[in-house]
Amino acid sequence: MALGGNPIFNGKNFRGATQAPPVPQAYGQNNYGQGRVPGQVMDAQSGWMSQQQNMSQDQLQQMYNRPAAGPAETGRMTFDDVIVKTAICLAAVVAGAAVTLVVGQSLASLLMIVGALGGFVLALVNTFKKQPSPALILAYAALEGLFLGGLTRILDGLYPGVGLQAVIGTLSVFAVTLVLFKSGKVRATPKAMRFFMIATIGYAVFALINMIMMWTGAVDSPFGLRTSFQIFGIPLGVFIGLLAIGLAAFSLIMDFTSIEAGVRSGAPERFSWTAAFGLTVTLVWLYVEIIRLLAILRGDD
């Protein structure tokens with residue numbers, strides 16, 4: 001698993017699950033995984049041999065002819081689990097966004113603040129929680145939806161069309177990164193990971209400084225330093241935005257790597273919620289960076 005990326009996947013709980021010993025074979029499953037019988041897992045070979053002695057030849061043959069237990073039957077995480085739960089999380093985000101898009105402007109602004117603060121708190125809670133909680137994860141998704149809906153409403157009001165463009169852009173980046181990952185053309189190599197960590201820390205420092213300067217009134221531009229300075233006539237925010245989108249896209253690659261490791265190692269099925277939560281966090285980040293870059297580009301026209 002790629003370490004140093006999304007802290008949700010690098011937490012001791014998800015990482016421990018992906019590094020756990022393989023799921024024990026079900027009672028009756030042979031060493032080649034060609035058969036099983038329902039029942040409890042046998043802890044000792046003597047118990048299995050004892051049971052064999054009480055079976056007829058026909059019963060033994062029927063047992064060996066039965067299909068092996070699949071990941072879903074043994075309670076392990078599968079890609080289908082992750083896809084379904086991620087879709088549920090994104091549906092909660094859309095539902096939350098719909099609320100702030102249909103209510104009055106003043107209430108939408110209030111809900112946006114509530115969503116931003118509440119989403120941040122629940123993100124921390126879900127990240128460090130020992131066991132994934134579907135209710136808290138869906139609550140996080142809904143709160144982030146309130147925040148994204150309010151942000152989209154503001155920026156789309158100033159620059160009509162950026163909201164739809166940001167949605168299309170987010171889905172496009174997600175699809176491209178998934179295709180590249182599945183093809184094996186882009187991987188989270190140690191060298192790429194080092195660059196990602198350095199660039200992410202640098203971006204976080206810039207974002208913090210920019211936020212402080214905006215709050216203190218040191219800069220009066222709507223996007224702070226992003227639009228206060230230009231390089232060759234291009235706002236600084238364009239370069240910063242492209243870098244941030246690239247970092248978010250690579251974070252998706254690391255998320256896919258972690259999920260793949262979890263499925264291969266037979267992580268418990270409940271951790272598919274953790275995987276869905278991690279993907280949702282990265283997609284929220286990606287959407288924010290894309291819509292902000294689009295707004296900066298439109299504001300520069």
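Q: How many nonpolar, polar and charged residues does the lining of the second largest pocket have?
A: In this predicted model, the lining of the second largest pocket has 21 nonpolar, 6 polar and 2 charged residues. Leu and Phe count as nonpolar, and L90, L171, F174 and L283 are among the residues closest to the centre of this pocket, together with T86.

Q: What is the volume of the second largest pocket, and which elements give two or more residues to its lining?
A: The space in the second largest pocket is about 770 Å³. Its lining consists of 29 residues, and the elements giving two or more of them are α5 (79–102), α7, α8 (162–183), α11 (236–264) and α12. Helix α5 gives the most, with 10 residues.

Q: Why is S272 called buried?
A: Buried means under 20% relative accessible area. S272 has a value of 0%, so S272 is buried. The residue is found in helix α12.

Q: What makes the pair S272 and E269 a polar contact?
A: The cut-off for a pair of N or O atoms is 3.5 Å. A polar atom of the S272 side chain lies 2.7 Å from the backbone oxygen of E269, which is within that cut-off.

Q: Which residues does S272 touch, not counting those up to four places away in sequence?
A: They are M77, D81, V82 and K85. Contact here requires heavy atoms within 4.5 Å.

Q: How do you know that G150 is buried?
A: The relative accessible area of G150 is 3%, and the limit for buried is under 20%, so G150 is buried. G150 is found in helix α7.

Q: Which residues is G150 in contact with, leaving aside its neighbours within four places in sequence?
A: G150 is in contact with T100 and M112.

Q: What is the volume of the largest pocket, and which residues lie nearest its centre?
A: The volume is about 1900 Å³. Of the 46 residues lining the largest pocket, F120, F147, M211, W285 and V288 lie nearest its centre. Phe, Met, Trp and Val count as nonpolar, so these five belong to that class.

Q: How do the residues of the lining of the largest pocket divide by class, and which helix gives the most?
A: The division is 32 nonpolar, 10 polar and 4 charged. Helix α9 gives the most, with 12 residues. The elements that each supply at least two residues are α1 (7–10), α6 (105–128), α7 (134–158), α9 (190–216) and α12 (271–299).

Conventions. Residues numbered from 1 in each chain as written. Predicted model: local features only at pLDDT ≥ 70, side-chain atom pairs only at ≥ 80, totals over all residues. Heavy atoms only, no water. 1 Å grid on protein atoms, 1.4 Å probe; cavity = no way out; pocket = protein on both sides within 12 Å on 5 of 7 lines; lining within 4 Å. Points joined across faces, edges and corners; volume = space filled by probe spheres on them. Helix = DSSP H or I, 4+ residues; strand = E, 2+ residues; numbered from the N terminus. Buried < 20%, exposed > 50% of the residue type's maximum accessible area, 1.4 Å probe, protein only. Polar contact = N/O pair within 3.5 Å; in protein donor to acceptor, adjacent residues only side chain to side chain.
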